[in-house]
Amino acid sequence: MRSVVAVLIADHNEFGRTEIEVLSAGVRLAEDLGGTLTAVLLGEPPASFAPNCFSYGANRVAVAEGPVLSAYQPIAFSAAIEQVIRTIGGDVLLFPSTTSGLELAPLSGHKLGASVVMDAVGVDGKVDGGGIRIHKPVFGGKAQSLLIARKVPIVVALRMRSIAPVARQENTPGEIIKVPVTVTSPAGTWRLVDRNVEQSEGLRLEDARIVVSGGRGLGGKENFACLEELSRVLGAALGASRAAVDLGWVPSTWQIGQTGKKIAPDLYLAVGISGASQHMVGIAGAKHIVAINKDDKAPIFQMAELGVIEDYREFIPKLIEAVKKRKTSATTL
Amino acid sequence: MHLVVCLKQILDPEIPSSDFKLDTQARGPAEGIASFVPSIFDENALEVALQVREAAGAGKITAISIGPDSAIDALRKALSMRADEAILIRQGEFPDLDTYGTARILASAIRKLEPADLILCGRESGDWYGGQVAAFLAAEFNYPYTALVAAVSRQEREWHFRRQSDDGWETIACSVPAVVSVTNDDHNLPRIPKVRDNMIAFRKTIPAWTAKDLGLEPQSTRGPNAELELEKLYIPQVSRQCRIIAGDNVDQKAEQLAQQLADLHAI
């Protein structure tokens, strides 16, 4: 069990946090196992992808090349991954939990006859008798499981924003190999016909340093307006709990939690959010959590670092004022 | 048009953390801490199927579940939401059932039905978050697979799937038949069954199929995930101490919090 593979798909995306996390998990695991890390690239990655992979610990980059890889297609791409792995080898395959990762991890795992674990938050190779350990929260984050896989191949999809990035190394050498892919398009058709990039107030939730988020406690769609103002003042992105999404108050792209976005901002301000465990899963990586809720028994206070027990309707306008005042005085100084 | 929805019955995931306990061997949740419900995304999947049938004005929906006898309640719920048929597959006969086995058994059952135009599963179960059965079903049938679908429409000879992408939404055109995993969205909230439909659902027969009915040897369904060992299952201890902002009135508290945010270099 020596060969760790990070499977990265370039599908409209640049090299970013997602790729860094998969490589970071991979390089640490390869170290534990005394093995190597190979980044397998599919799609049409920009030229910067391979050098970036080396900077984050890949020993080797394998670029899959073939006509079937010109446009993303789940079944064709999973067949391509199978072919690449059968050609260059691979014991542990790591995928990000992106939309394509959620398709390709199980599809290619099935083709390879692999043990497959989705939604993992960590992997390590410190297992007596050999094998890898997979860390995976279950039951809405109420319990944590540790799974041991001893038989290869193993496929693991990593939860986004759950892996601490390794330090970037400049000018790291590495070997780039090209792997021809000869699989053909599968039966049936599958094509992208429309693509809509939705952003809340121009700032991506996943990239924001500060996130302001609202829940059922806001009581209505129109009440998100005061959070919008607060987020403008703070330069924050806006999010919401599943309850607010299910009630139709905000688009589901705002949803933070087990099944929404997983975020790791420096500061998370939860307003009118009770703190159901499935929500807390989405902010496990947040550095500082501030909860504003009028119910002092809300479970969110067990997870927050700072709490304000007040009705947000009165508190948020005051907070906006106080923050504005500080900002102006800071500029005049 | 035939739509097949796969449902799993799980422990109610909405119970508060304080009520959540593990069994004495710590292999799973303790018995009796909460009731059983259909897994949330599976209900979203059924809702999507119901909307497709409504838009088409015709069609048949079959709900299938592998589980213990109690899973009949999840299927009954599906019938009261107005699925046309429901089938239970008895899990007890299949030892060490993993995601590979689940998909193989479901596929055997679906092959006994009239050909499916669309197979829908929730994106993952709300207990162990397997997140694989839908993809494995696509592999079993060699059908196209699309994850995180929130809405489905039929456009002539193709399906159109509106699905969540990493930064928004995509529309995928896909040939028929196909398999999808469904995620929640404000447009696919599971409907509340009508009283009349509840009564009709209670009078319907739900067949329980066995390994023999499906022509399966129970051991043949064992897949590579049965090799995974559960080393440990535990309830993480939260040790964070929350500091409640004090103050005589709202203004003071707001001022205090702003100060704290400045100290954290947030403003």
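## Surface and burial of chain B

Chain B exposes about 11,800 Å², and carbon and sulfur atoms supply 48% of that area. These values, like those that follow, refer to a predicted model. Of the 267 residues in chain B, buried residues make up 53%.

## Fold and dimensions

Seven helices and 13 strands are found in chain B, whose C-alpha atoms fill a box of roughly 70 × 50 × 40 Å when this is taken along the principal axes. Among the contacts in chain B with a separation of 6 or more, 71% are accounted for by residues 24 or more positions apart.

## Charge in chain B

The side chains of chain B include 28 that are positive and 38 that are negative. How far apart do the centres of the two sets lie? The centres of the positive and negative sets in chain B lie 6 Å apart.

## Interface with chain A

Between chain A and chain B an area of about 7,700 Å² is buried, with carbon and sulfur atoms giving 56% of it. On the chain A side, the residues that lose the most area to chain B are Phe139(A), Lys142(A) and Arg326(A), which together contribute 11% of what that side buries. In terms of contacts, 89 residues of chain A meet 81 residues of chain B.

Charged pairs also span this interface, where the rule finds eleven salt bridges between chain A and chain B. One salt bridge joins Glu158(B) to Arg191(A), and the closest N and O atoms of this pair are 2.7 Å apart.

Note on methods: Residues numbered from 1 in each chain as written. Chains lettered and ligands numbered in written order. Predicted model: local features only at pLDDT ≥ 70, side-chain atom pairs only at ≥ 80, totals over all residues. Heavy atoms only, no water. Helix = DSSP H or I, 4+ residues; strand = E, 2+ residues; numbered from the N terminus. Buried < 20%, exposed > 50% of the residue type's maximum accessible area, 1.4 Å probe, protein only. Contact = heavy atoms within 4.5 Å. Areas by Shrake-Rupley, 256 points an atom, 1.4 Å probe, with all protein chains shown as cover. Lys, Arg positive; Asp, Glu negative; His and termini not counted. Charge placed at Lys NZ, Arg CZ, Asp CG, Glu CD. Buried area = accessible area lost by both parts, 1.4 Å probe. Salt bridge = Lys/Arg side-chain N within 4 Å of Asp/Glu carboxyl O.
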